[in-house]
Amino acid sequence: MATFVTAKTGDGTVIVSPKNEADQSALVVIAHGLGDTAEGFEDVAQVRLLDLFAVVVQAKRIDSPFQANLT
Amino acid sequence: MPHVKFILPTAPTNPVTMNMGMAMPSWYDIVGLDERSNENCAGIAESQARIAGILDQEHADTGLPYDRMVLAGFSQGGALSLYTGMQLPEKLAAVVVMSGYLPHASAFQVQQPSVPVWHGHGTQDMVVRYSLAEKSRDAVVSKGAENYTVHKYPIAHTVSPEEIGDVLQFLLTRIPDDATCRIKLQDPAEMSVKELKVAIRKAGLTSQSVGLMEKFEFVKLLQDHRAK
């Protein structure tokens, strides 16, 4: 059973909250790198922090001729 | 970390000078990667205000103290997190920078010197070079920061499982679960029907609410869920 609930706002912000929001006692805001978006997090961000950062890495590996310039 | 809410904003899409004007999600324009170019960060003030606004909104909505909030980011996002987190009027729990740097250093002033900064960086990073991590640390410390640590990893412009594990351990020391810091939620009994429906949807209880007709039933569903 998922322990998180994921929502997305109109501006592309992904929000991953404890399923029981009364459990929340901290907040982490994660800003992606150039050329990425938060959307790639949506499917897996509910799981745990490790997955979030794994997605950051995946999202970073853009197959682009401009990859070397992405920061 | 089941007690943590994550907010993952998406940057606006704008032309990026360094990438031949190609439009892409970017927190600010990048002219080049050398230190002089890092002074030209058109749009960073707007992104700084947006990130600060997210924190302010969370505080206003839930009463969560700022010292239970962390700004983190990768590369340009890490740079923005550092730039924003150390210049806030409120003290955060920490700032996490992964493969980032200090942007627009001439305008940067440390407002919260005791906020710990955890900076991870690959020694093989050819995009944002490792030396820039140490230079960023030195610059931020010279402006008053008291706790800025750089952690090196044998990787390129990415993060590794080892770094991820270290970030997680760091976060657990800065924002461990603390029942005394739980957010303040509106009492379901005081919510309008519209507010109840939003709260039930946010809690993933939509399917359980099917068939409920009376307001008190929605209130009880949400109250019971929170009491678990």
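**Close-up views of a predicted two-chain model**

**Figure 1. A mixed sheet is built from strands of chain A and chain B.** Eight strands form an open sheet with mixed pairing, in the order β1(A)-β2(A)-β1(B)-β3(A)-β4(B)-β5(B)-β6(B)-β7(B). The edges are taken by β1 (4-8) of chain A and β7 (148-153) of chain B; each has a single partner strand, so one side of each is left without a neighbour in the sheet. From one strand to the next, the twist averages 15 degrees. Helix α2(B) lies across β3 of chain A together with β4, β5 and β6 of chain B, and runs at about 145 degrees to β4(B). The model is predicted, as are the features in the views that follow.

**Figure 2. Strand β3 of chain A pairs with strand β4 of chain B.** Strand β3 (residues 26-31) of chain A and β4(B) run parallel and are joined by five bridges. Within this pairing, A:Val29 has B:Leu71 of β4(B) as its bridge partner. A:Ile30 stands opposite B:Ala72, also in β4(B). In chain A, confidence is highest in β3(A), at a mean pLDDT of 94.

**Figure 3. The contact between the two chains draws on helices and strands of chain B.** Chain B contributes 59 residues to the contact and chain A contributes 47. On the side of chain B that touches chain A, the elements giving two or more residues are the strands β1 (4-8), β3 (22-25) and β4 (69-74) and the helices α1 (44-62), α2 (76-85), α4 (161-174) and α7 of chain B. Of these, β4(B) gives the most, with six residues. By class, this side of chain B comprises 38 nonpolar, 12 polar and nine charged residues.

Figure 4. Chain A contains one helix and three strands, arranged along the sequence as β-β-β-α. Of its 71 residues, 39% are buried. Among contacts in chain A between residues at least 6 apart in sequence, 48% join residues at least 24 apart. The mean pLDDT of chain A is 66, with 51% of its residues reaching 70 or more. Confidence in chain A is lowest in helix α1 (residues 49-60), where the mean is 48. Over residues 40-48 of chain A, pLDDT stays under 50, and the model has 25 contacts beyond four places in sequence for this stretch. Residues 57-71 of chain A likewise stay under 50 in pLDDT, and for them the model has 30 contacts beyond four places in sequence.

**Figure 5. Helices α5 and α7 of chain B meet in a left-handed crossing.** Two packed helices are described by the angle between their axes and the distance between the axes. The axes of helix α5 (residues 193-202) of chain B and helix α7 (residues 215-227) of chain B come within 10 Å and cross at roughly 35 degrees. The crossing of α5(B) past α7(B) is left-handed. From α5(B), the residues B:Val193, B:Leu196, B:Ala199 and B:Ile200 meet B:Lys215, B:Phe218, B:Val219, B:Leu221 and B:Leu222 of α7(B). By class, the residues of this contact divide into eight nonpolar, no polar and one charged.

Figure 6. Most residues other than glycine have a negative phi. B:Met20 is exposed, because 9 other C-beta atoms lie within 10 Å and the cut-off for an exposed residue is 12 or fewer. B:His104 is placed in the loop between β5 (94-98) and β6 (117-122) of chain B. With 17 other C-beta atoms within 10 Å, B:His104 is partly exposed.

Figure 7. B:Pro113 lies in the loop between β5 and β6 of chain B. B:Pro113 counts as partly exposed, with 15 C-beta neighbours inside 10 Å.

Definitions and conventions:
Residues numbered from 1 in each chain as written. Chains lettered and ligands numbered in written order. Predicted model: local features only at pLDDT ≥ 70, side-chain atom pairs only at ≥ 80, totals over all residues. Axes fitted to C-alpha atoms, helices over the stretch in contact; angles between N-to-C directions. Helix = DSSP H or I, 4+ residues; strand = E, 2+ residues; numbered from the N terminus. Left-handed = near helix turned anticlockwise from the far one by under 90°. Contact = placed C-beta atoms within 7 Å. Nonpolar A, V, L, I, M, F, W, Y, C, P; charged D, E, K, R; others polar. Buried ≥ 20, exposed ≤ 12 C-beta atoms within 10 Å, placed from the backbone. Pairing = 2+ DSSP bridges. pLDDT = per-residue confidence, 0-100.
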